[in-house]
Structures are given as structure tokens and as C-alpha cells.
Amino acid sequence: MEHLEDRMIGHFVWRGIVVVVSFCVAVGVALAVLFALGSVWMGDELRAIAVEDPQFRAFVLQDPVLQDPQVQRSVAMAFGAVVFIGTVGPALTALPAFAAAVIGEVLHVRSWMYYVLAGGAALAAIPILAGAAADAPSLPASDYMTIFATAGFAGGFIYWLLAGRGA
């Protein structure tokens, strides 16, 4: 009887370690996707705005290297990454994703679809929750929500691959 209890405790501890490590890896993947897509989107937005700025146009016309569209896109993506991380980073919280993972573990959900959809919903909730906390008058832009949901889908899928299948 004592041997069975030891095995059960060992299994419980091992499962806890697998869940925590899997959650951390999934969050890392989701953040990588979020920042990659967000940087591209913000870079494109900055490029569109910069064309109308006379000071920026004068700066670009003075430097022949910056006249190359590929270089302009790279520079815009770099600035986009800084702006996106600076504005999104403080709003990030793992609480909705953690709640989805705990619910899946407690209810022994093994479906990949649950984790993918729950991850997407958890990350899509972050801009809404951040906007509600800041008394924002409307929902964030659809591109913004799509980026968050896509990152959540990726994180949810990775979590399912690592831990969700054995819930």
C-alpha cells in the first residue's frame, strides 16, 4: 500500500513539473509569435504614417541607403518592434492563459481544439482587459486582435503538444 502511495505522489509531482514547464514553453512561443507579428504590423503602420511626415521624407532623401524599400521596411520593422513591445509589454498577463490551462488540467481535457481555442481566447482577452482597465472607449483594432489571437492559438497548440494530451 505504501508503495502505491509513493507512486501516486511521484506521478502527481511529475505531472506538476510537466505542466509548469509546458506552460512556460507555450507562453514563450506565444510571445515570440505575438512580437513577430506585432512588429511587422506596427512597422507597416509606421511606414504608412512616415510617408506623410515631411521631416521623415527630408531625412530619407538625404540618405541614399534609406531610399531602398527593403531597407525602409527593415528599419520600420525595428522601430515597430520597439513600439509594439513598449505598448503591449506592460499589458501582458499570463492570468487568462493560466486559467485555461488549469481548467483543462482539472477537467482532464485532452482535446487539442480546447487548448488552441482557449489559448486564442486567453490572449485575445488581454487587449480587451487592458482597454477596460484604461477606460478605452472601444475595442482594439481587428488587426491587433488577430495578432493576439494567433499568438494564443500557437501557445495553446504548443501547450497541448507538451502537456495537454496527457491531462
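UniProt positions are given in the numbering used here, with shortened feature names, and such annotations may be inferred rather than shown by experiment. With that in mind, the unreviewed UniProt entry lists residues 12-37, 75-100, 112-132 and 144-162 under "transmembrane region". Residues are numbered from 1 along each chain as its sequence is written, side-chain values use heavy atoms, and hydrogens and water are left out. Do keep in mind that this is a predicted model, where local features need pLDDT of at least 70, side-chain atom pairs count only at pLDDT 80 or more, and totals for chains, interfaces and linings use all residues.

How confident is the predictor? pLDDT is its confidence in each residue, from 0 to 100. The protein chain averages a pLDDT of 75, and 73% of the residues score at least 70. Among the elements of the chain, helix H6 (residues 142-162) has the highest mean pLDDT, 85, while helix H2 (residues 54-62) has the lowest, 64.

Now to the helices, which, like strands, are DSSP runs numbered from the N terminus (helices: H or I, at least four residues; strands: E, at least two). Residues 12-37 are 100% helix and 0% strand, with end C-alpha atoms 37 Å apart. Residues 144-162 are also 100% helix and 0% strand, and here the end C-alpha atoms lie 28 Å apart.

Helix H4 covers residues 95-106; its 12 residues reach 16 Å from first C-alpha to last, close to the 16 Å expected, a span defined as 1.5 Å times one less than the number of residues. Pro 96, Ala 97, Ala 100, Ala 101, Gly 104 and Glu 105 of H4 are buried. Buried means under 20% relative accessible area, exposed over 50%, and partly exposed in between (1.4 Å probe, protein chains only). Just after H4, His 108 takes a positive phi of about 55 degrees.

Let us finish with the aromatic rings. Rings of Phe, Tyr and Trp (its six-membered ring) pair if their centres lie within 6.5 Å; planes under 30 degrees apart count as stacked, over 60 as edge-to-face and the rest as tilted. By this rule there are three aromatic pairs. One of them, Tyr 114 with Tyr 115, is edge-to-face, at 5.0 Å centre to centre and 80 degrees between the planes. Tyr 115 also pairs with Tyr 159: their ring centres are 5.4 Å apart and their planes at 45 degrees, so this pair is tilted. Because Tyr 115 lies in helix H5 (residues 112-133) and Tyr 159 in helix H6, the pair ties together parts that are 44 residues apart in sequence. Tyr 115 is buried at 4% relative accessibility, Tyr 159 is buried at 3%, and Tyr 114 is partly exposed at 23%. Tyr 114, Tyr 115 and Tyr 159 form one aromatic cluster.

How values were computed. pLDDT is the predictor's confidence in each residue, from 0 to 100.
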